[in-house]
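Biologist: I have the model open and would like to go through a few spots with you. Can we start right away?

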Amino acid sequence: MGDAPGAALLIPKPPSPALLSAWLTRHYSLLDAEAVAASSASALLSTSASASLLASHGLALLSLSPASALRSGPGGTRLLDLSRPAHFHADERLPAHQLRPGDTVRCALPDASSTAKRKGGAKAKGKEEQGKKRQWECQAVVYRTSEKCLTLSLKGEEEEQWPPSVHVFKVADESVVKRMQQSLLRLSKQLDVPVALPDAKSSSSKPSTVVVGAAAAAESSASEAEAEASSSLPPSSAPSTCTLSSSRPAVISPLLGLSLPTWRASSSSSSEDDASALSLFDVSLNASQRSALDFALRANHFALIHGPPGTGKTATLTELILQFALAPGKGKAQRKRVLVCAASNLAVDNVLARLLQTRELREEKVAVTRVGHPARVLASLNDATLEHQCSYSDAGALLRDVHAELDALLLSLSPASSASSAGNKSTSRRGDSSSKPLRGSARKEAWSRVRELRAEARRRERNVATSVLEQASIVAATCHGAAARVLQRQHFDVVVVDEACQALEAQIWCALQRLKPHGTLVLAGDHRQLPPTVLGRKKGDGIKKEKNAKRGKKKEQKRSEQREKEKGEEERGEKERRATSLRLPHSLETTMFSRLLGMYGAGCKALLNEQYRFNTSIMAFPNLALYDGQLVAHASVASRSLLDLPGYAPLAGDAQDADEALEEPWAAKVVFYDTSGADMYETSGSISTSSKQPASLSSSSKCNAHEAELVRRHVALLLAHGLPPTHISVLAPYASQVALLASTLRGEWPELALDVGTVDAQQGRENDVVILSLTRSNATSRVGFLAEKRRLNVAMTRARRQLVVVGDGATLGGCGDAYLRRWSEWLEMEAVCEAVVLQ
């Protein structure tokens, strides 16, 4: 029934100081590469792509004008609303864009040439004045977005008038990477080992610039460090020369292999008896969930909870957090302070929403606070945000007084004509138009007072925030958000990280800065699903399988089979005879969860093995191929199908018997539209067909118009039988195919809210029907990153009642990848196959 918690641990070789230094240096350099990749892509777009092209891809909003006067925001910042004025746009609604709250943006004046065109070729002003205009730009952060308005948070001290029209561009934000690098430097000090920084002579120096040069230094010292580790230390839990002070979290040692993790002994002879003795708030938890709870509660250092799709990981974590925070049956003295983290805001909010719904938390009046940008938090959780709680606290009244005075001053400093000059009649009368803007010394004194009030606001906000946080027993934040200054003096008994396999390892080290010396870390996730998104890959990543396919399919097939065999042996713990150790990461995709699992084996994790999402037909292949057949379907979902839904019924000519209907595409549990031999080949390109666009926009994205038509037909089939459109999700691994599918389906049914997106964006979501367009179909059987089985696992485990696959079975079977070949063979044997003929 799954991995038994507390199984025998593998015993890694403790790393030497040299290996620890190389490991930290490698992580630091990989983060360097990530920052450079992000900034390079942003710079490439801003220099080689036109503003209109960036806007067409959602990376810019053009010709926006101030819709309000400046007003005070949190932390002494200024807020400004931007909208589309009628003078420039027929539609006041913002077009589709990718700007989200918290994103860094650059505001700049429209291009001089385009301005000249709008004026009908009027003569431009003097060159000197034009140069001044072009140089104006402002860095800001998106505070809030709505249908017609973009609110920016400004941090600068600029006193000049805001231009009547600006372009807003999305740019790379390196602050998150810098925060992660700071957590690694802090860890190096705790371990007393150096990190080879590219521009520093010692590990205590802070790098002034982001350079990729450290990667080479780490690479050159890696083999020497590993050799020293293997030769000087025996394969046992021998002490290392690296020591930690008593004020540092004890969990650091087992996380790096310096010592073994331990668990407190069970009070009974079996873990199942001990789990059943727990005083649960949610009595509906199954045996594997209870066993995982007991395993995590007994951990002295850390515990991994492996939650495959649909196994109730969120429910288990909610119960675990309640057990820590409320300590039922143990008294208030045993209650622990919990920090709840995840890589994304949405994942944090999912756990927090579940927590706030529990009756026991409300009855015990346990304080819960959500730390993070308010605009990135679900609206339903607004009352739990730190900003809201600070505003309505006893000390919040004094803070409101400061903000009121700030707003009055900023209004007097903002000319009322700024919006009207852009022709935006709807906003031309906002503010007090009867008062003249301050000039000369009066204006200078007002700005001086503004700066004083901002400093006062920041000081009071810190004091109020500290007071609110000190009362909170449960605090929720993103992993990197946990390293924010507002939490600097807060420490916790337990750190719980959900979706840990989507978090970079350095992000989790950010959260661990808040752990008490004898605190516990709980990581929950599924290493069989997608890893974190990484831009700074090593050269050649992503195309290795393409090259191998060109060298010979048979040779690559043998290699793939051997890799599959070795991975399976390693995952089942069959390589215990070979000592494990701390290994240098080759990519940031190596998460802390998967690294610990590889270092200690299944003995450090508990598996949730009963799933509540999909029927046994959809579960069959991923269960056998990725989860060693350990998953079982709960009785409530084992046989579910579309026929169970009210209003979904056969049409004339369809099979009326339920068993016979399950063999037809409109009701089958797994359907495969096989385009083999139909010459329905893919095409290369992107959403835009311009040959002059930058490579970062055109890239090598693929699309397949034939598959898009097949998807349209199947959607029409489902709708004709009475399935609501909200019960359908359409996925594809390529952005170009997603764009094509969206235009095809919305062109056919513009009034329907069909869910169309990439596979990567669907992790953590589910629907009754999922239609997957594989896209790849070619004569050479090249599949690209479709061969990433974790991506396919996400795609095939989103459906509850019907999984529809549209693809070329010949391309899948002939690509040389063992996993894809097995899946293709399984689809041919188990799915309702529809052979496709090109019309």
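Predicted model: local features only at pLDDT ≥ 70, side-chain atom pairs only at ≥ 80, totals over all residues.

Biologist: Where is the place of Glu-505, then?

Modeller: Glu-505 sits in helix α17, which covers residues 505-512.

Biologist: And is Glu-505 buried or exposed?

Modeller: Buried: the relative accessible area of Glu-505 is 2%, and the cut-off for buried is under 20%.

Biologist: Now the nonpolar core. Which residues touch the most other members of the largest one?

Modeller: Trp-509, Leu-521 and Leu-523 do, in a core of 109 residues. Helix α1, residues 17-48, gives the most to this core, with 9 residues.

Biologist: What is Leu-523 in contact with, leaving aside neighbours within four places in sequence?

Modeller: Leu-523 has contacts with Ala-303, Leu-304 and Ile-305, with Val-497, Ala-500 and Ile-508, and with Met-592, Phe-593 and Leu-596. Met-592 is also on the contact list of Glu-505.

Biologist: Which residues does the second, separate core include?

Modeller: Ile-618, Val-794, Leu-803 and Leu-820 are among them, and that core has 34 residues. As a general point, nonpolar side chains in soluble globular proteins tend to be buried together.

Biologist: Change of topic, helix packing. At what angle do α21 and α28 cross?

Modeller: Roughly 150°, with the axes of α21 (residues 616-626) and α28 (residues 818-830) coming within 11 Å. An angle over 145 degrees counts as roughly antiparallel, so that is what α21 is to α28. The crossing of α21 with α28 is right-handed.

Biologist: Which residues meet there?

Modeller: From α21, Ser-617, Ala-620, Phe-621, Leu-624, Ala-625 and Leu-626; from α28, Tyr-819, Arg-822, Trp-823 and Trp-826. By type, the contact of α21 with α28 has 8 nonpolar residues, 1 polar and 1 charged.

Biologist: How far apart are the axes of α21 and α26?

Modeller: They are 10 Å apart, and α21 packs on α26 (residues 789-796) at an angle of about 155°. These two helices are therefore roughly antiparallel to each other. Here α21 passes α26 in a left-handed crossing.

Biologist: And which residues of α21 meet α26?

Modeller: Ile-618, Phe-621, Pro-622 and Leu-626, facing Lys-789, Asn-793 and Met-796 in α26. That contact divides into 5 nonpolar, 1 polar and 1 charged.

Biologist: What about Asp-679, where is its place?

Modeller: Asp-679 is in the loop between β17 (670-674) and β18 (683-684). Its phi is near 55°, a positive value in a residue other than glycine. With a relative accessible area of 49%, Asp-679 is partly exposed.

Biologist: Last one, Thr-726. Buried or exposed?

Modeller: Exposed, at 55% relative accessibility. Thr-726 is in the loop between α24 (705-720) and β20 (728-732).

Biologist: How many residues apart in sequence are Thr-726 and Asp-768?

Modeller: They are 42 residues apart in sequence and 9.0 Å apart in space, C-alpha to C-alpha.

Conventions: Residues numbered from 1 in each chain as written. Heavy atoms only, no water. Core = buried A, V, L, I, M, F, W, Y, C linked by side-chain atoms within 4.5 Å. Buried < 20%, exposed > 50% of the residue type's maximum accessible area, 1.4 Å probe, protein only. Helix = DSSP H or I, 4+ residues; strand = E, 2+ residues; numbered from the N terminus. Contact = heavy atoms within 4.5 Å. Axes fitted to C-alpha atoms, helices over the stretch in contact; angles between N-to-C directions. Parallel < 35°, antiparallel > 145°, perpendicular 65-115°, else oblique. Left-handed = near helix turned anticlockwise from the far one by under 90°. Nonpolar A, V, L, I, M, F, W, Y, C, P; charged D, E, K, R; others polar.
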